[in-house]
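Trainee: I would like to learn how to read charge pairs and helix packing in a model. Could we go through them together?

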Amino acid sequence: MASQQSLDNLTRTVTGLRSIDRDRLLRSSLGEESLEQSGFAETFGRILKKAAFALEYAKTVDDGVVNGVNSAFEQTRNILDAQAKRTNAQYVSEKAGLLNQISTYQQQAQQFWPPFVTSAIEARGFLEDEGIRKEYENTVKEMKSQAEEALKHVQEESAKTIGEAKKLAQEIEERARRTAAHISVEAAQEQFRLAQITLSRDVKLWAVMSAIATAAFIAVAIYLAKIHLPEGMKWEVIYFAAIRITILTAVGAMATFCLRILRAHMHMSQQNLHRQRVANSMAAFVESAITPEQRDLILAQLVTSVASFGTSGLLSNEDDAVYSPKMTIEAITRTLGPPRTSICDPLHLT
């Protein structure tokens, strides 16, 4: 067993090794002449590790072995500390000798190393089956814990990545939908605006023409009413009456046609205004939906309401055909002319 004095000496030696200025010892600023370029950084790390290992298990090692190892490490500490305190010129000149001395002292410490390894094996219980089993179980448990922690971390990162990807895809889809809807709505609004300009112009045009036709009908009626036929007329009265009726019918038919076209254009103008309002409100309706399915359904309904033309007003259930003056003249001629004999008339057969 090592004495307390030997343990204290070894402790001071290890503390001295750890207190050496590493930067001053390696001096990477000297380039190829530095100990760092010679790979001494790894050697210095192994020296510190072995010194700490010797100090940890020195209690159960023979006192002479501890003193021998301490002597090797103390000599190593002295030459390393001296090298760290030298000037650059001295540092370069003493570099080769230092490396040889360090190798010599490490071989000297290696001669005393087996007892420390034996002490470590005994302390860790590797000579007993139970100790090996426990160490194995501890190792397996630690590896399992690390694996579970790593797996949990991977799952969390995967879930986070998938969530971010879904969120990004949803944002891209929503932006694409809003962009497409915005472009479509703007195009529809522009079309309806242009159509409203034409419809407003046509409504004004047919309103003027209807007013003119109506005024013409009233004027003709007043004019014909003021014309007095010569006295002594008999059947000629019927003829002149037929002519007047035909003229009034023609003028009235023209006025009726103008009024019907005016009604149709007024109807289409109001319908186009309604479509304009729907198109202007389409973006608000679509944005009010919560899910993409609701947006699609609302957009489909709005497009259907806008696209359906509806009744234009040009056609109705009544017969809007203009009564032709020719038919009136033919009817009057048939009435005034001699009766026609039918092939089925019994008097004709006789």
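This is a predicted model: local features need pLDDT of at least 70, side-chain atom pairs count only at pLDDT 80 or more; totals for chains, interfaces and linings use all residues.

Trainee: Which residue does Glu-74 form a salt bridge with?

Mentor: The general idea is that side chains of opposite charge can pair when their charged atoms come close. Here the partner of Glu-74 is Arg-77, with 3.0 Å between the closest N and O atoms.

Trainee: Why are Glu-74 and Arg-77 separated by about one helical turn?

Mentor: Because they are three residues apart in helix H4, which covers residues 63-85.

Trainee: How many salt bridges does a search of the whole structure find?

Mentor: That search gives two. Asp-81 is partly exposed at 22% relative accessible area, while Lys-85 is exposed at 62%.

Trainee: Now for the packing. At roughly what angle do the axes of helix H1 and helix H3 cross?

Mentor: Two packed helices are described by the angle between their axes and the distance between the axes. For H1 (residues 4-19) and H3 (residues 40-56), the angle is roughly 155 degrees and the axes come within 10 Å. Angles over 145 degrees count as roughly antiparallel, so that is the term for H1 and H3. The crossing of H1 past H3 is left-handed.

Trainee: Which residues of H1 and H3 meet?

Mentor: On the H1 side, look for Leu-7, Leu-10, Thr-11, Val-14, Leu-17 and Arg-18; they meet residues of H3 including Phe-44, Ile-47, Leu-48 and Leu-55. By class, this contact has eleven nonpolar residues, one polar and one charged.

Trainee: And how do the axes of H1 and H4 cross, and within what distance do they come?

Mentor: They cross at roughly 25 degrees and come within 9 Å. H1 is therefore roughly parallel to H4, and this crossing is left-handed. Among the residues making the contact are Asn-9, Leu-10 and Leu-17 of H1, with Phe-73, Glu-74, Arg-77 and Leu-80 of H4. The contact of H1 with H4 divides into five nonpolar, seven polar and three charged residues.

Note on methods. Residues are numbered from 1 along each chain as its sequence is written. Side-chain values use heavy atoms; hydrogens and water are left out. A salt bridge is a side-chain nitrogen of Lys or Arg within 4 Å of a carboxyl oxygen of Asp or Glu. Helices (H or I, at least four residues) and strands (E, at least two) are DSSP runs, numbered from the N terminus. Buried means under 20% relative accessible area, exposed over 50%, partly exposed in between (1.4 Å probe, protein chains only). Axes are lines fitted to C-alpha atoms, for helices over the stretch in contact, and angles run from 0 to 180 degrees between N-to-C directions. Angles under 35 degrees count as roughly parallel, over 145 as roughly antiparallel, 65 to 115 as roughly perpendicular and the rest as oblique. A crossing is left-handed if the near helix is turned anticlockwise from the far one by less than a right angle, and right-handed if clockwise. Contact means heavy atoms within 4.5 Å. Ala, Val, Leu, Ile, Met, Phe, Trp, Tyr, Cys and Pro count as nonpolar, Asp, Glu, Lys and Arg as charged, and the others, Gly among them, as polar.
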